[in-house]
Structures are given as structure tokens and as C-alpha cells.
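Dear colleague,

Please find below the structure that I am handing over to you. My notes on what was found in it follow directly after.

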Amino acid sequence: MGSMGILFDDAVIIRQSEKVDDPSVITVNCPDKTGLGSDLCRIILFFRLTVIRTDVSTDGKWCYLVFWVVGKPSTRWGLLKKRLIGACPSYSFASGISYYRDELQPPKPPDVFLLKLCCHDRKGLLHDVTEVLCELELTIMRVKVSTTPDGKVMDLFFITDTRELLHTNQRKDDKYGHLKTVLCDAMIKCDIEMVGPEMAACSQGPSFLSDAITQGMFEYDSVACKCPSITMDNKLSPSHTLVQIACQNHKGLLYDVMRTLKDYNIQISYGRVNTKGKKDCEMDLFIMQADGKKIVDPSKQNGLRSRLQMELSRPLRVSLTSRGPDTELLVANPVELSGKGRPLVFYDITLSLKMLDIPIFSAEIGRYMIGDREWELYRVLLDEGENSSVSKKKIEETVWKMLMCWE
């Protein structure tokens, strides 16, 4: 055990599986806070782990969570443990010691850096760069990619560093070395500099979108999961509302449930999640509001139920639209109230287009208010060429499958 204000080393224990097909077990035992489950699930999703079962229990001050997960040979378990420990509140948070107030303050926004990359264009280039940045734990906040007539590509990435070391020469050299190894002779020039948050914000252009852009994405379903079955019961527990969810499994499912409850300021006191094969999932969640009471107001129940149904059937929006002679791929990712969006979306988009052998002419990431919510919008202009035989439906479905499916 550490002293007060310092985390115990055993707050997170990872027991790796001995057989290939068996799950590894992640146990988190730490002080509780509303939204902790969402933060942990986001990290697990970032490390591309498949969650097959979860148990959650908390008394409101201390929580115990167990995740049964399937990783890959490349899973960096040591780094995963470090990131999970970083998300756990420290001991002082539970004991309410007043001189550790930093736990309760909103975290300082991370430093933003601008990575300028000039390359000779080639197939899959943008995905290869994105993969390097993800491996280095660099989060892409904004991106602007453009292709010049002479076949060169200028990539502008606004990034933050999970390790918070990008201001050091060693970390910059590490990033440069990784990019050079992957891009080889394609790389012409690479610069990185710290920029103010104002410049990163300015890079996204206007904060509103034309109706023509949003209409196709938000008014009809091009691709979606099956609508989940959600029931609520207040009779089984004297102090909690039981929410039962039966739904189609998808990548990030647990994160989608947890982030929705976090945005509603709802706490899970006890929960059990089981997946059946790769397709189906069942959840029993005993929840209560921030005031410690169950949800009895029918309008609040209906509001939460309809929001969960929407988030689980359409956690992301994918559509393909024609812009004159060009085709634009649009992917919308809902942003949590905390300001975070689903991880690895750009990684999955660029990987699916690389698999389809469709070059990317330009790409942008921006954040926009659509309705009463903030969305992260990925706009990718496809360079289909005259010989492209891939249908729009096939592109939409391939991108959606990459974003939603585990395999």
C-alpha cells in the first residue's frame, strides 16, 4: 500500500491467459467516482481488447470491477496497466481529505502540438502514419490532409501526447524515427511544434455544418446495429433501478453504455455483462442517480431508455455522399460531455479504405454542434479514379464493419 494520495500498486491486477483462446482477467479495485467505468472502458477499447464478460460492484465509495478480455499477441499489457491505474482516483479521493483537492479539479488540458508531414503519395500512406501515431500513444485531435497536383501530400496533425513528453527532444526523435522507418523514402519533411489551443480550435473551420451534410447522416439509417431491448424495473431492489439490456454486440459496446450513463450522471452500483458468442450481449445493471435515489420519474426513464437505444443501435454515423464529381465519406462520432470521443475512429476509417484500395484525396477532423450535442466529424474525400469498381454501399458497409466489429 502507498501513503495517502498515492495509489496502491494493486489497484489494477492483470492476469494474462495461459492459453490462446482463454480470456485474460483485469481486476480494478480502487475508490469510486461517477464515470470511472466509462474511463476504464475507453482505455480498454483503445488497446483493442474484446470484452467478453464484466462484473461491477461498488458501495458508492469503493469499487471492484473485473473485466474478462481477449487480447492480441501485440497487446502491451504493462502499458495498459499503467493507463488503467492513471484513470483510477487515488486513496485521498475516497477519504475526502481536503488538502488533496487536485483530484476534484478538472484536469489541465493537454498541450497541443502540430505535426507537419510532407510526403510522396502512395497507397495506404495516411493509415500508416495514423498507425504510428496510435502506437506512440499520440491522440489525433484534428487533421487536415491535402494532395498537391504533383503527387505530394501535406498532412497537418494536431495531436496530444498521452505520455506528456512531446516537448522533449528524445520523444520528438522517437516519433520521427518511427515515422521514417514506416514511410522510408516517401517522407520528404517532418516538423513538430507546440501550438496554443486557440490554433487547434481555429484549424477546424466553422463550428456549424450545412443541412445538406447533416441531413443524410442524421435523418435516415444507412447502416446500423439491431435495436436493443431495454427494460427498467424498480420492484426488485429497494434502492436501485434495474436496467436490463439485450442487444447485438459490437466493438466498444460497454464503453457506449458507460459513457451514456456517465453523461446522465448515473452510477452503477452493481452490474453484470455477458456476451454470447460474438453476436449477442446481455447486461443487468443496478443503477441510481447522483442523489442516491432510483429513477422513478417515467419521463426520465423514457429519456434514458431512448438515449441508450440510440447509442447502441447507432453509436457512430457513417454515410457516403456525392459532392459534384467527388465522393465524400462522412463519419460522426458523439463526444462525451467530458470532451472525449471514441478512440481509434480515424485509424479504423483509414484501415478500411486501405483494404478497399481506395486512395484518400483529402481528410479533415472537426468538432461541431449538431442538435444539442457535440460531434466529432471525419470528412474524407475519396480519390476513386476512373477505374474504381467499389460501390458506395460496399464502402459504407466496410467502414461500418471495421468500426463496429471485433474482426
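The buried residues of α4 are L125, L126, H127, D128, V129, T130, V132, L133 and C134, where buried means under 20% relative accessible area, exposed over 50% and partly exposed in between, with a 1.4 Å probe and protein chains only. Nine of the eleven residues of α4 are thus buried, so the helix is largely enclosed by the rest of the structure. Helices (H or I, at least four residues) and strands (E, at least two) are DSSP runs, numbered from the N terminus.

The model is a predicted one: local features need pLDDT of at least 70, side-chain atom pairs count only at pLDDT 80 or more, and totals for chains, interfaces and linings use all residues. Residues are numbered from 1 along each chain as its sequence is written, and side-chain values use heavy atoms, with hydrogens and water left out.

**Packing of α4 against α10**

The axes of α4 (residues 125-135) and α10 (residues 345-355) come within 9 Å and cross at roughly 145°. Axes here are lines fitted to C-alpha atoms, for helices over the stretch in contact, and angles run from 0 to 180 degrees between N-to-C directions. On the α4 side the contact (heavy atoms within 4.5 Å) involves L126, H127, D128, T130, E131 and C134, and on the α10 side F346, Y347, T350, L351 and K354. These residues divide into five nonpolar, three polar and three charged; Ala, Val, Leu, Ile, Met, Phe, Trp, Tyr, Cys and Pro count as nonpolar, Asp, Glu, Lys and Arg as charged, and the others, Gly among them, as polar.

E137 lies in the loop between α4 and β6 (138-147). Its phi is near 65°, a positive value in a residue other than glycine, and E137 counts as buried at 1% relative accessibility. D357, in the loop between α10 and β15 (360-370), also has a positive phi of about 65° although it is not a glycine. D357 is partly exposed, with a relative accessible area of 43%.

**The sheet**

An open sheet of eight strands has the order β8-β5-β7-β6-β15-β16-β14-β13, with antiparallel pairing; two strands pair if DSSP finds at least two bridges between them. β8 and β13 (317-323) stand at the edges, each with a single partner strand, so one side of each is left without a neighbour in the sheet. The twist averages 25° from one strand to the next.

Strand β5 (residues 112-120) has seven of its nine residues buried, so it is largely enclosed by the rest of the structure. β5 pairs with β8 (residues 187-195) over eight bridges in the antiparallel sense, and C119 stands opposite M187 in β8. β5 also pairs with β7 (residues 152-161), antiparallel and over eight bridges; there, the bridge partner of L117 is D155.

Further along, ten antiparallel bridges join β15 to β16 (residues 373-382), and E364 has R379 of β16 as its bridge partner. Two helices pack on this sheet: α4 touches β5, β6, β7 and β15, its direction making about 20° with that of β7, while α5 (residues 169-183) touches β5, β6, β7 and β8, its direction making about 150° with that of β8.

Within β15 lies I365, which counts as buried at 4% relative accessibility. I365 and E376 are eleven residues apart in sequence and 6.9 Å apart in space, C-alpha to C-alpha.

With kind regards
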